[in-house]
Amino acid sequence: MNSTFAFLDLIALGCGIYCLYTWIKLAVGKKLFQNGLLVPKEKTVKDCLDEQAYIAYIMPPLATTAIVTTLYGAFCLLNDMSQTPIAAFPWNLVMLAAVLGCLVWFAVRNSKANREYFGM
């Protein structure tokens with residue numbers, strides 16, 4: 001087991017779990033809360049022009065990113081810790097491409113949401 005890869009896998013897993021926590025808190029509470037993923041750095045929750053529309057807009061990419069990143073981190077950690085890899089080399093790149101695609105989707109939607117709902 002390479003400890004560097006395991007460390008990176010733990011970071012991916014932690015990021016996925018944090019995104020999942022944020023999504024669950026949004027889904028259950030139906031209220032926007034101060035969070036680095038959701039509210040721009042120089043803004044507060046009160047600056048949001050339409051909280052419910054913002055939540056509805058950001059929930060799909062946030063959920064997708066959370067699930068894909070959590071699964072990627074967990075799978076890669078298991079893969080790196082096992083004696084024989086569960087998935088061969090090219091499949092790791094396919095999963096990484098899926099994670100990056102989700103991150104790009106979230107970033108684009110988040111940027112648009114910041115402009116539309118926070119007047120940036």
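The legends below describe close-up views of aromatic rings and neighbouring charged groups in a predicted model.

**View 1. The ring pair of Y54 and F118.** In this predicted model, the count of aromatic pairs comes to four. In one of the pairs, the ring centres of Y54 and F118 lie 5.5 Å apart and the planes stand at 80 degrees, so the contact is classed as edge-to-face, given that planes over 60 degrees apart fall in that class. Y54 belongs to helix α2 (residues 51–81) and F118 to helix α3 (residues 89–118), so this pair ties together parts that are 64 residues apart in sequence. Y54 and F118 are both buried.

**View 2. The ring pair of Y57 and Y117.** Here the ring centres are 6.3 Å apart, with the planes at 55 degrees, so the pair of Y57 and Y117 is tilted. Distant parts of the chain are again linked, with Y57 in helix α2 and Y117 in helix α3, 60 residues apart. Y57 has a relative accessible area of 18% and is therefore buried, because the cut-off for that class is under 20%; Y117, at 10% relative accessibility, also counts as buried.

**View 3. The aromatic cluster.** Y54, Y57, Y117 and F118 together form one aromatic cluster, which includes the edge-to-face pair of Y54 with F118 and the tilted pair of Y57 with Y117.

**View 4. Charged groups over aromatic rings.** R109 lies over the face of Y57, at 3.9 Å from the ring centre, and Y57 is itself a member of the aromatic cluster. In another such arrangement, the charged end of K25 sits over the ring of F33, at 4.4 Å from the centre of that ring.

Key
Residues are numbered from 1 along each chain as its sequence is written. This is a predicted model: local features need pLDDT of at least 70, side-chain atom pairs count only at pLDDT 80 or more; totals for chains, interfaces and linings use all residues. Side-chain values use heavy atoms; hydrogens and water are left out. Rings of Phe, Tyr and Trp (its six-membered ring) pair if their centres lie within 6.5 Å; planes under 30 degrees apart count as stacked, over 60 as edge-to-face and the rest as tilted. Helices (H or I, at least four residues) and strands (E, at least two) are DSSP runs, numbered from the N terminus. Buried means under 20% relative accessible area, exposed over 50%, partly exposed in between (1.4 Å probe, protein chains only). A charge sits over a ring if NZ of Lys or CZ of Arg is within 6 Å of the ring centre and within 35 degrees of the ring normal.
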